Amino acid sequence: MKAPAFSYARPKHLTDVLALLEKHGDEARLLAGGQTLLATLNMRLSEPALLIDMQSVQELKGLSLAGNSLRIGAMVTHSEIEASELVAQHAPLLRMAAPHIAHRAIRNLGTFGGSIAYGDPAAEWPACLLALDGIVVARNLQGERRIAARDFFTGLYTTELAANEVISACEVPLATPTHRFAFEELARRHGDYAVVGLAASAQMNEGELDQVRLAWIGVGNMPLRSTATEQVLQGQQLSDALLARALEALRSELQAEADLTHSAAAKQHLAGVMLKRVLNTLSSPAPALNSASTV
Amino acid sequence: MTHQEPSPDDLATDARAVSITINGTCSQHHVQPRTHLVDFLREGLGLKGSHLGCEHGVCGACTVQLDGQVVRGCLVLAVQADGRVVNTIEGLSDSGAIRELQQAFVRHNALQCGFCTSGMLMAAHELLEKKPDANREQVREWISGNYCRCTGYQAIVDAICDVLAQRSKAGHAAHAEGAVA
C-alpha cells in the first residue's frame with residue numbers, strides 16, 4: 001500500500017523540532033530512522049499531517065563519553081552501535097545485541113532513540129537499556145529531564161515521554177572490570193522478532209552475583225525486568241540449587257503472553273532455558289563477549 | 001535543499017524540489033513527501049531494477065544504497081534523500097562494481113524468476129565490503145532480510161561464497177573496501 005499524503009519538514013536544530021512538535025501536537029510525527037514509522041504509514045496504520053525528520057539535527061548524533069556514562073545520541077543507528085569501539089569497550093551488552101536487530105539494511109537506518117521511544121516489547125534496545133539501568137534524556141522547549149529506564153516504559157508501546165518531548169540521548173553507565181553481561185535471543189529466523197530474549201548484567205564479586213538485572217524481550221506487553229528473580233540471585237554463587245530457586249521464582253513472576261506462533265507455556269519454558277544460559281555466562285570468569293552473538 | 005526551514009504554517013502535501021545524486025548524477029526533481037524512494041526511482045525516473053515487493057520492509061526486493069549503505073527503498077521517503085547519494089542496481093551494474101557477483105550468480109544459476117536478484121546483489125555487495133571473511137552461516141544471516149520466493153537460497157549463498165573465496169584466494173580480502181569502492 002501507499003502512504004497517505006502528509007507534509008514534511010527537516011529542521012537543523014532541536015529547538016526547531018520541538019517548536020514544530022509543540023505547534024502541531026498529535027498531527028505531527030517525529031521521523032528518526034523511520035524503520036517502523038514508514039511501514040506503518042505504508043500500511044495506513046498512522047496518518048499524520050506532518051513528519052518532522054530529525055536527520056539533520058547534529059545534537060542528536062554521535063556516541064561519546066560523558067563522566068561515568070556512555071552517551072548515545074538519539075539518532076545513532078544500530079549499525080553505528082554494532083561497529084563502535086566505544087560501545088565494545090564500555091557497553092559490550094549493546095554490541096552483543098546489535099546483530100540480532102532485523103537485517104543490515106534496516107540497521108543502517110534504524111536508530112537507538114527511535115527504538116526506545118517506540119518501546120516495542122519485542123525489541124532489543126529497550127531491554128538492554130533496562131538491563132544497564134540506563135537513563136533516557138528527554139527535551140522539550142522548557143528544558144531537559146532525565147528519566148530512569150526502569151520508569152520509562154509504562155505499557156504496550158507507551159512510555160513516560162510527553163507529547164511535546166523528544167528523546168535527545170540515552171546514557172548507560174560505563175562497564176567496569178567486575179561487570180558481566182549476557183544477551184540471548186531466540187527467533188525463528190535470524191532477524192525476526194524474538195520469541196523470547198533476555199538482556200542481562202551483573203557484578204561478579206569474588207564469585208558472587210551482585211546487582212543482577214534481567215530484562216526480557218517478547219514475553220509481556222512491555223519491556224520488563226524480573227526483579228523477584230533478581231533478588232533470589234543477589235549475593236549468591238551460581239549452583240544447581242540456586243538455579244532451581246531462580247527458575248521457580250521466574251515461573252511465578254513472569255507471566256509470558258502467547259504470540260501468533262508460540263503458546264504462553266512454550267515461552268515460559270524457553271524463558272527458563274534462557275535464564276540458565278545467561279546465568280552461566282554471567283558467572284563465567286572471563287568478560288563475557290558472547291561470540292555466538294557476533295555476526 | 002529547499003525545505004530546511006519549513007514555513008511555520010505549512011502543512012502542504014504537494015510536490016517539492018529535491019536534489020539527489022542518483023548513480024553519480026546530481027539533479028533536481030519534484031516529489032511529494034508521501035512518495036517513498038523506490039516509487040520515485042521506478043515511476044519518476046524509470047529505474048525499474050529496484051523491485052517493490054511487500055512495501056513494508058520485510059522482503060528486501062527494494063534494496064538500494066543511500067550514502068553508500070544498503071537501505072530498504074520502501075522505508076525511506078524520496079524527500080529524505082534530498083542532498084544525499086543514491087545508488088541503484090543500474091548504477092552498480094554499469095560501473096562494474098558488482099561484476100564478480102553477477103558472474104557468480106549466473107555461474108551458480110542463482111536466479112530463477114529474478115525478482116529478488118537486484119536486492120540480493122545489493123545486500124551481497126555490502127557483505128563483501130564489511131565482512132570479507134564471512135563464512136557460509138554468516139552469509140545466510142546477512143541475506144536473511146532478502147526473500148527469494150522461488151526459494152533458491154542454496155544457489156544464492158553458493159554464489160556469494162564463491163566470490164568471497166575467490167577474493168580471499170586472490171588476497172583481495174584485506175583490501176575489499178578499496179576494491180569495491
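The paragraphs below walk through a predicted model, beginning with chain A and moving on to chain B.

Residues count from 1 along each chain as its sequence is written, while chains are lettered from A and ligands numbered from 1 in the order in which they are written. As this is a predicted model, local features need pLDDT of at least 70 and side-chain atom pairs count only at pLDDT 80 or more, whereas totals for chains, interfaces and linings use all residues.

Let us start with the domains of chain A. There are domain 1 (7–48), domain 2 (61–173) and domain 3 (179–288), with bounds that come from an automatic or database domain assignment. The C-alpha centres of domain 1 of chain A and domain 2 of chain A are 19 Å apart. Where these two touch, 14 residues of domain 1 of chain A and 17 residues of domain 2 of chain A take part; two residues are in contact if their C-beta atoms, placed from the backbone, lie within 7 Å. On the domain 1 side of this contact, H1(A) gives the most, with 6 residues. That side holds 7 nonpolar, 5 polar and 2 charged residues (Ala, Val, Leu, Ile, Met, Phe, Trp, Tyr, Cys and Pro count as nonpolar, Asp, Glu, Lys and Arg as charged, and the others, Gly among them, as polar).

Next, look for the open sheet of 5 strands in chain A, ordered E4-E5-E10-E6-E7 with antiparallel pairing. Helices (H or I, at least four residues) and strands (E, at least two) are DSSP runs numbered from the N terminus, and two strands pair if DSSP finds at least two bridges between them. The edge strands are E4 (63–66) and E7 (143–148) of chain A, each pairing on one side only. From one strand to the next, the twist averages 25°. Strand E6 (residues 135–140) of chain A joins E7(A) through 6 bridges in the antiparallel sense, and here Val137(A) stands opposite Arg146(A). Helix H1 (residues 14–24) of chain A lies across E6 and strand E10 (166–173) of chain A, at about 125° to E10(A); axes are lines fitted to C-alpha atoms, for helices over the stretch in contact, and angles run from 0 to 180 degrees between N-to-C directions.

Chain A also has a parallel pair: strand E2 (residues 28–31) and strand E3 (residues 50–53), held over 4 bridges. In this pair, Arg29(A) stands opposite Leu51(A). Between E2(A) and E3(A) the chain passes through helix H2 (residues 37–42) of chain A, making a right-handed β-α-β crossover (with the strands pointing away from the viewer, the path from the first strand over the helix to the second runs clockwise).

Now turn to chain B, which has 7 helices and 5 strands. Buried residues make up 43% of its 181 residues (buried means 20 or more other C-beta atoms within 10 Å of a residue's own, with C-beta atoms placed from the backbone). Its domain 1 (16–92) and domain 2 (98–173) have C-alpha centres 22 Å apart. Their contact draws 14 residues from domain 1 of chain B and 13 residues from domain 2 of chain B. On the domain 1 side, E3(B) gives the most, with 3 residues, and that side has 7 nonpolar, 7 polar and no charged residues.

Methods: Buried ≥ 20, exposed ≤ 12 C-beta atoms within 10 Å, placed from the backbone.
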